[in-house]
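I opened this notebook to keep a careful record of what I looked up. I wanted each entry to begin from something that can be found again on the screen.

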Amino acid sequence: MKIDYNQQAFNYERTRTIEPIVYSILSCMLTPQKDEAILDFGCGTGNYLKQFSIDYGIEVYGIEPSVKMRKIAQEKLQSDHILAGDHTAIPFSNIRFNKLYSTDVVHHIDHLDLLFQNLFKISNNGAKFCICTESSDQLKEKYWLKYFPSILSIDQKRFHPIEEVIRIGENAGWVHRETVKTETQITASISGTFLERIRQKSLSVLNLISSEEYQYGVSLMETDYQNQVLLHQNEGYTFILFERKS
Ligand SMILES: C[S@@+](CC[C@H](N)C(=O)[O-])C[C@H]1O[C@@H](n2cnc3c(N)ncnc32)[C@H](O)[C@@H]1O
């Protein structure tokens, strides 16, 4: 079952921002430069592009299939370079990029081979492409599985194993350069902003569980939030860096 991001767009924009650790690692891996054209594949509402534009003065390019997510990104970025497309239909056939990235998107794509092949066509030799996703172990450590246990099996079906992403990328002509895993661990009560994301279902997988499980999980979570119950909160991301070789 696919997530309808047109339905999600309003709440996504209200409750999601950049993840600082994701932004820092992307910045280190891609070293953005002023006026450089950088492509965000599946750019959503444009949060990462906006921050890169503020901090580095890059020229923003985005591909986003959802009309409503795209419209928010276009308005936020005031750019004509946020276009409709997906892994099967990539715009920008007249441009060759040197830097590309994709955050929190590849688990929505069944045919990753098409993604790598099509991005290859719009990249220069030596281009860097960074994918930010989560490994199977990182999916297992989410503290909210306590409230919504069936998320794990759903996510394990959606998320591609890291080795598979690398293999498919290499088969399409990309050279795997580096994999970086981040882990943060805090012991804290549930934050109001995270609870709001849960209430608004802007964590996409919540749209894939039963409404009974969702309602029950939210009520348990609200109780733990009110009681400021301390929880071990682990969060990890995996960054896979490829380089295009002709
Ligand atoms: C969780 S959001 C992430 C948005 C943005 N990358 C971010 O990190 O804020 C997932 C995004 O992937 C987009 N998406 C889903 N399937 C896609 C596909 N086949 N090609 C490109 N983008 C896709 C959705 O429309 C949505 O905007």
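Before the first entry I noted a definition: a helix here is a DSSP run of H or I with at least four residues, and helices are numbered from the N terminus. I also wrote down that the model is a predicted one.

**Entry on Asn-118.** With that definition in hand, I looked up Asn-118 and found it in helix α5, which covers residues 112–121. Is Asn-118 buried or exposed? Its relative accessibility is 14%, and buried means under 20%, so Asn-118 counts as buried. I then listed its contacts, leaving aside neighbours within four places in sequence, and found His-87, Thr-88 and Ile-90.

**Entry on the ligand.** Which atoms of Gly-42 and of the ligand lie 2.7 Å apart? On the side of Gly-42 it is a backbone N or O atom, and on the side of the ligand it is a nitrogen atom. For Glu-64 I noted a polar side-chain atom 2.6 Å from an oxygen atom of the ligand, and for Thr-103 a polar side-chain atom 2.7 Å from an oxygen atom of the ligand. The ligand on its own has 590 Å² of accessible area, and the protein covers 92% of it.

**Entry on the whole chain.** I next stepped back to the chain, which has ten helices and seven strands. Its C-alpha trace spans about 55 × 35 × 30 Å along the principal axes. Because a compact globule of 246 residues would have a radius of gyration near 18 Å, the 18 Å of this chain agrees with that expectation. I noted that 52% of the 246 residues count as buried. The accessible surface of the chain comes to about 11,700 Å², and carbon and sulfur atoms account for 50% of that. Among contacts between residues at least 6 apart in sequence, 79% join residues at least 24 apart.

**Entry on α3 and α4.** In helix α3, which covers residues 47–56, I found that the buried residues are Asn-47, Tyr-48, Leu-49 and Phe-52. After α3 comes Gly-57, with a positive phi near 65°. Lys-76 lies in helix α4, residues 67–77, and a polar contact of 2.5 Å joins its side chain to that of Asn-47. Not counting residues up to four places away in sequence, Lys-76 touches Glu-13, Thr-45, Gly-46, Asn-47 and Lys-50.

**Entry on positive phi in two loops.** Gln-78 is not a glycine, yet its phi is positive at about 50°. I placed Gln-78 in the loop between α4 and β3 (82–83), and because its relative accessibility is 67%, it counts as exposed. Lys-201, also a residue other than glycine, has a positive phi near 55° and is found in the loop between α9 (192–199) and α10 (211–226). How much relative accessible area does Lys-201 have? I noted 24%, so Lys-201 is partly exposed.

Methods: Residues numbered from 1 in each chain as written. Predicted model: local features only at pLDDT ≥ 70, side-chain atom pairs only at ≥ 80, totals over all residues. Heavy atoms only, no water. Polar contact = N/O pair within 3.5 Å; in protein donor to acceptor, adjacent residues only side chain to side chain. Areas by Shrake-Rupley, 256 points an atom, 1.4 Å probe, with all protein chains shown as cover. Rg over C-alpha atoms; globule rule 2.2 N^0.38 Å. Buried < 20%, exposed > 50% of the residue type's maximum accessible area, 1.4 Å probe, protein only. Contact = heavy atoms within 4.5 Å.
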